[in-house]
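Please prepare a briefing on the secondary-structure packing, the ligand shell and the backbone geometry of the model shown below.

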Amino acid sequence: MPFFSQSTSFADLWPDIERRVDDIIRRGKYSHGNAVAELESALAAYTGARHVVGVNSGTDALVIALRATGLRPGDEVVVPAFSFIASASSVVLAGGTPVFADVEPDSYGIAPGAVADAVTPATTHVLPVHLFSQLADLSGVLAVAAEHDLTVVEDSAEAIGMRWDGTHAGLLGRAGVLSFFPTKTLGAIGDAGAVLTDDPQVGQTAAALRHHGRFGRTLDNFPGISHATEVAGMNSKMDDIQAAVLLAKLARLDVDIKKRALLAEAYSTRLADIPGVLRLPTVVSRSVPTSDVWYVYVIEVSRRDELARYLAARDIGTETYYPVPLHLQPCFADLGYRPGSCPVAERACGHTLALPLYPDLDLDGVDEVCDAIARFYTGRHA
Ligand SMILES: Cc1ncc(COP(=O)(O)O)c(C=O)c1O
């Protein structure tokens with residue numbers, strides 16, 4: 001059983017994808033074309049964002065969102081110590097300096113108290129990340145941001161479909177992002193991403209930054225903008241073929257999200273009493289209603305790497321999200337962090353393991369994974 005597969009999903013969607021791709025090939029506009037504009041509108045409708053800017057990847061979306069919200073060289077951005085590397089490397093790529101804060105042990109989201117402790121006079125932004133299946137404590141983060149006049153950019157790369165009191169992830173601060181990397185809840189067949197914002201100025205700047213700084217692209221939502229190159233931009237246009245695949249899959253996203261929740265519930269029931277399984281994922285109850293989405297199912301276990309090898313030997317794929325805390329990554333060595341600076345993140349890196357979870361999977365597949373885990377720890381079936 002692979003860690004991820006979407007071949008069954010593709011079989012169902014194939015006629016729609018074929019029709020859309022055929023149309024792109026006939027029109028001859030392969031990037032930044034009609035399918036991208038259509039996807040942006042469809043994502044605006046799905047998320048409620050006033051502006052959606054399709055780009056080349058979630059990483060580029062973060063760099064662009066940070067720059068479009070005013071990050072300047074030397075500015076400090078508070079980032080959780082437990083996340084994918086792009087949450088922090090994007091800060092460097094945008095010219096800023098990441099400052100790491102520890103996370104909450106249950107949600108793995110940045111701890112608001114740790115954000116407050118990390119603020120210095122150079123801090124301009126905070127970047128909460130919504131990991132795995134739930135949002136970070138946005139009430140806490142927004143309160144600290146308001147107190148210290150920080151701009152909030154959400155790394156909502158994993159968070160499509162998640163909502164905080166009805167507002168979609170990425171729209172609680174000044175800007176947010178989506179990643180459409182193939183394994184994501186809404187995944188392309190290559191790289192793609194998007195910036196989400198309700199702020200027209202951030203939307204305009206993001207649209208310019210993705211296309212060599214040109215404000216000249218004809219965009220229905222930004223009429224009358226000149227062709228001047230006012231900012232040094234990137235080439236981060238989205239491919240139309242990726243947009244076509246995403247449009248076809250977006251129509252089925254909520255069905256896929258329900259299937260993921262069903263599979264996650266089955267995992268939680270079957271893994272409940274296995275010694276060696278130290279922590280099952282729990283969705284933290286917040287001060288407001290939240291909608292959670294099971295992007296990945298991450299457990300904490302003892303002898304994690306040994307278990308992963310045992311499962312791999314039985315053809316069960318797993319992933320380690322994330323093996324090295326960001327503050328101890330070699331690329332940030334000159335920032336001077338030492339082991340012990342962010343203990344919750346460091347502990348999580350040593351124990352977390354993601355199990356297969358995708359709409360192609362069925363309950364028999366979940367049983368097979370749980371049985372194998374039970375046999376590893378107890379010598380018996382689950
Ligand atoms: C939390 C987080 N941030 C950023 C990214 C970067 O997105 P991408 O892989 O599309 O560049 C990802 C996904 O890989 C992610 O999970």
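**Briefing: helix packing, sheets and ligand shell**

Helices α9 and α12 cross in the right-handed sense (a crossing is right-handed if the near helix is turned clockwise from the far one by less than a right angle, and left-handed if anticlockwise). The model is predicted, so local features need pLDDT of at least 70 and side-chain atom pairs count only at pLDDT 80 or more, while totals for chains, interfaces and linings use all residues. Residue numbers start from 1 along each chain as its sequence is written. Helices (H or I, at least four residues) and strands (E, at least two) are DSSP runs, numbered from the N terminus.

**Helix packing**

- Helix α9 (residues 253–270) packs against helix α12 (residues 363–378) at about 30°, with the axes 10 Å apart; axes are lines fitted to C-alpha atoms, for helices over the stretch in contact, and angles run from 0 to 180 degrees between N-to-C directions.
- That angle makes α9 roughly parallel to α12 (angles under 35 degrees count as roughly parallel, over 145 as roughly antiparallel, 65 to 115 as roughly perpendicular and the rest as oblique).
- Leu 263, Ala 266, Tyr 267 and Arg 270 of α9 meet Leu 363, Val 366, Asp 367 and Cys 370 of α12, contact meaning that C-beta atoms, placed from the backbone, lie within 7 Å.
- This contact of α9 with α12 comprises six nonpolar, no polar and two charged residues; Ala, Val, Leu, Ile, Met, Phe, Trp, Tyr, Cys and Pro count as nonpolar, Asp, Glu, Lys and Arg as charged, and the others, Gly among them, as polar.
- Helix α1 (residues 7–27) and helix α8 (residues 240–250) pack at about 150°, their axes being 9 Å apart.
- The two are therefore roughly antiparallel, α1 to α8, and α1 passes α8 in a right-handed crossing.
- On the α1 side the contact includes Leu 13, Ile 17 and Val 21, and on the α8 side it includes Ile 241, Ala 244 and Leu 247.
- By class, the contact of α1 with α8 has nine nonpolar, no polar and four charged residues.

**Sheets**

- An open sheet of seven strands has the order β1-β9-β8-β5-β4-β2-β3, with mixed pairing (two strands pair if DSSP finds at least two bridges between them).
- Its edge strands are β1 (51–55) and β3 (97–101), each of which pairs on one side only, and the twist averages 25° from one strand to the next.
- Strands β2 (residues 76–80) and β4 (residues 123–126) pair in the parallel sense over three bridges, and Val 77 stands opposite His 125 in β4.
- Helix α2 (residues 34–47) lies across β1 and β9 (193–197), and runs at about 135° to β1.
- Strand β12 (residues 297–301) pairs with β13 in the antiparallel sense over four bridges, and Ala 354 in β13 is the bridge partner of Val 298.

**Ligand shell**

- Of the 15 residues around the ligand, Ser 57, Gly 58, Thr 59, Ala 157 and Ser 179 come nearest (a residue is near if its C-beta atom, placed from the backbone, lies within 6 Å).
- The elements that give two or more residues to the shell are α3 (58–68) and α4 (86–93).
- The shell divides into five nonpolar, seven polar and three charged residues.

**Backbone geometry**

- Most residues other than glycine have a negative phi, and most peptide bonds are trans.
- His 212, in the loop between α7 (200–209) and α8, has a positive phi of about 60° although it is not a glycine.
- A cis peptide bond joins Tyr 321 and Tyr 322, with omega about 5°; Tyr 322 is found in the loop between α10 (304–313) and α11 (343–351).

Technical notes. Contact = placed C-beta atoms within 7 Å.
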